[in-house]
Amino acid sequence: MAAIQKIRSYGVVLISIVGIALFAFIAEELVRALSGANNASRQVVGEIYGENVNYQEFNDLVTEYENVVKMSNGGQNLTEQQSIQLRDQLWQSYTEQKIMEHEAEALGLRVTDAEVQSLINTGTSPVLRSTPFVNQQTGMFDVNILNQFLTNYDEVMNNPEMPAQQKEYFDQMMQYWKFIEKQIRNTALSAKYNSLLSSCMITNPVAVQAEIDARGTEKSILMAALPLATVKDITPTESEIKAKYEELKKQYPEAFDMQEEARSIKYILVPVTASKADTEALEAELNEYKDSLQSTDNISNIVRESRSLVTYNGLPVAKTSLPRDIANEIDSMAPGSIKGPYTNTNDNTMNVIAYLSKVQQPDSVEYSQIVVSGTDAKATATADSILAAVQAGTPMDTIAKKYNQSAAARWLTSAAVDGQQLSGDDRAYVETLLTTPAGTVKKVTATGAQIIVKVTDRRNMIDKYQVAAIKRTIDFSDETHSEAWNKLSSFLAANTKQEDIEANAQKEGYTVTPAQYISSADHYIAGTPGTTEALRWVFNAKKGDVSELLDCGNGNDHMIVVMLTDIHKKGLRAIDDASLKGELEDRVIRDKQAAALLEKMQGAKSVADVAKMEGAVTDTIQHITFAAPVFVQKLGAQEFALTGAVAGAKDKSFVSGVRGNNAVYAFQVLSTTKQSAQADKEQVASQLTSQNAGILRNAMNFLRRKAAIVDNRYKFYQ
């Protein structure tokens, strides 16, 4: 009882302690929640219909797509440019697929598993045409080959004795097939949706006949034009610009709609090039290698040590496999001579050429082979026995079957080996094939094996050249880069504001270049690689900010500083948008020019009256139909308005005051000719259907605007 009484005496204190502890617990959970939300937001690569696209989800698709492309390319890794193009293609197809799924769900469209299987069984999906499951005889997809692979896949993956490399290959092929299956489903859904849209635009007989009539009626006119450019010194007022903005915004809202945020910038981009001292140092280094080439037989080592851009494997090569400048130089050289160092400004390199010899060799060789593992006495005896049997006339394939090998004929081409880095064994093997007469059998000893080869055919004897070339890029040194960096840094330190940079840049030899409407989908500034960091800065900066000096380009061969001049928000472009305002001013000027010329032309009674006016242009235009816009050759312009006016004018009539994009026109119809032959209605209907399909393709652009797509990929990818 006493204990309870004591606890009661500390009641207020205990409540306070519990309250503080409870608050701390809630605060901790709140911090965790906010931190989790913040981390989640940092993983958002974009938005579609207001829903986040997770970076990991999209990147998994990128990896999957890259693997598919690599398999199609024989396992070759993608270049930086190829990776960028791939991600762009994938983002485009990914967003369009999400849009398609959104629209299909609203319409009740779907593709069932049974439909997918039917497309696979019949091989009718266009996606299947480029898969590995193609019948070599027919060139068409064969479901039996696919089914055989799926059966083999289960057997291979469930066999514990199967080599890991074999399992890896089958696993890659299965991932490839799963990708194809998804593409089949997606393509089928798109086909259903497009078919539904196409059925909404049917070409009817009335439209076909109207098109035939339009094409079959030709008119010739005598034309006089007053070009808009003849009216000078027009300055639009702010009220006129605003009125034009409101007018066009209602007529063409899509032209004013910014689908995503964009930025306008100005930048200074400075290339870093080798100095005179850098060039002289490289020349001295290449002269040393030149001396070494003249005094040693180990040419391969010299070329390798020189870090030449041109590989030398000791074999003669076709001239077409050499860099063009080197191929051109050897035409004026004699075998056994050395030239250089010389500079090639086209590829910014310094070169030394050792022209050793010239021979005649086949461009392609057909051969067959049998491989004997090992180089011990037993293996050598076996190899010698095979060599003797083949030389005695025993067919290669008969012997090969005894060793579970295939002696099928193969071809070796110059393109496959010229300029390739070859090991000693490979070099000896290739040299044997290229120098062995047709019908001859030889044994080639390699590391761990002996190979019996028979050359069966040699084709296209060509000149080949034994050329050792040292080609080195004329690079700038660290000292040269530091000098250029310090110079630009000093200028920026003395000019910290945009207006100061623009005012003083030219005095210091720098150029300030504007760039309008940079979007998050852009990968480079001024087409310069390595400007990703600068782009990220652009989308995180405030208007008026100046970036720090950044390295960019290939191997940091450029420096860039960026100034953010404007932020263009998503939605309707504002009237004070500098680029838009320029367009509006031009529209107002052209309207006022046209109004002045229309007033000037009002009293004209004939083409001759207009022709007498200052600046008038006259011409006779023939073969005008309503099927195509009139081309006014003397103004170099197409005029749709003139086409409509001529089509509606009666024979011999005079029409004036036709406002075009480039002039105000007057004309008289000289003649009207109607073709008597009836056009092929089916052909015209087909052409109109194709035109309608072109209109339907624009539907995706409308749907993309409706989807409110946000692209944040620049935050994640270099």
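Analyst: Helices here are DSSP runs of H or I with at least four residues, strands are runs of E with at least two, and both are numbered from the N terminus. Gln 97 lies in one such run, helix H4 (residues 80-107). This is a predicted model, in which local features need pLDDT of at least 70, side-chain atom pairs count only at pLDDT 80 or more, and totals for chains, interfaces and linings use all residues. Residues are numbered from 1 along each chain as its sequence is written, and side-chain values use heavy atoms, with hydrogens and water left out.

User: Why is Gln 97 called buried?

Analyst: Buried means under 20% relative accessible area, exposed means over 50%, and partly exposed lies in between (1.4 Å probe, protein chains only). Gln 97 has 13% relative accessibility, so it counts as buried.

User: What does Gln 97 touch, not counting residues up to four places away in sequence?

Analyst: Asn 186, Leu 189 and Ser 190. Contact means heavy atoms within 4.5 Å.

User: Why does Asn 712 count as buried?

Analyst: Its relative accessibility is 14%, so Asn 712 is on the buried side of the cut-off. Asn 712 sits in the segment after strand S21 (710-711). Leaving aside neighbours within four places in sequence, Asn 712 contacts Val 44, Val 45 and Gly 46. From Glu 431, Asn 712 is 281 residues away in sequence and 54 Å away in space, C-alpha to C-alpha.

User: How do you know how confident the predictor is in the protein chain?

Analyst: From pLDDT, the predictor's confidence in each residue, from 0 to 100. The protein chain averages 85, and 93% of the residues score at least 70. Confidence is lowest in helix H1 (residues 2-9), with a mean of 41, and highest in helix H17 (residues 478-494), at 96. Residues 1-27 stay under 50 and have 1 contact beyond four places in sequence.

User: What makes H3 roughly perpendicular to H7?

Analyst: The axes of H3 (residues 55-72) and H7 (residues 164-198) come within 10 Å and cross at roughly 110 degrees. Axes are lines fitted to C-alpha atoms, for helices over the stretch in contact, with angles from 0 to 180 degrees between N-to-C directions. Under 35 degrees is roughly parallel, over 145 roughly antiparallel, 65 to 115 roughly perpendicular, and the rest oblique. So H3 is roughly perpendicular to H7. Among the H3 residues in this contact are Leu 61, Tyr 65 and Met 71, and H7 brings Met 173 and Phe 179, among others. By class, the contact has 7 nonpolar, 2 polar and 2 charged residues.

User: Why is H3 called oblique to H4?

Analyst: H3 and H4 pack at about 120 degrees, with axes 10 Å apart. That angle makes H3 oblique to H4. The contact includes Phe 58 and Val 62 of H3 and Leu 90 and Trp 91 of H4. Its residues divide into 9 nonpolar, 2 polar and 4 charged.

User: What makes H9 and H20 roughly perpendicular?

Analyst: Helix H9 (residues 238-251) and helix H20 (residues 578-601) pack at about 100 degrees, with axes 9 Å apart. They are therefore roughly perpendicular to each other. Among the contact residues are Glu 240 and Lys 244 of H9 and Arg 587 and Asp 591 of H20.

User: How do the residues of that H9 contact with H20 divide?

Analyst: Into 6 nonpolar, no polar and 8 charged. Ala, Val, Leu, Ile, Met, Phe, Trp, Tyr, Cys and Pro count as nonpolar, Asp, Glu, Lys and Arg as charged, and the others, Gly among them, as polar.
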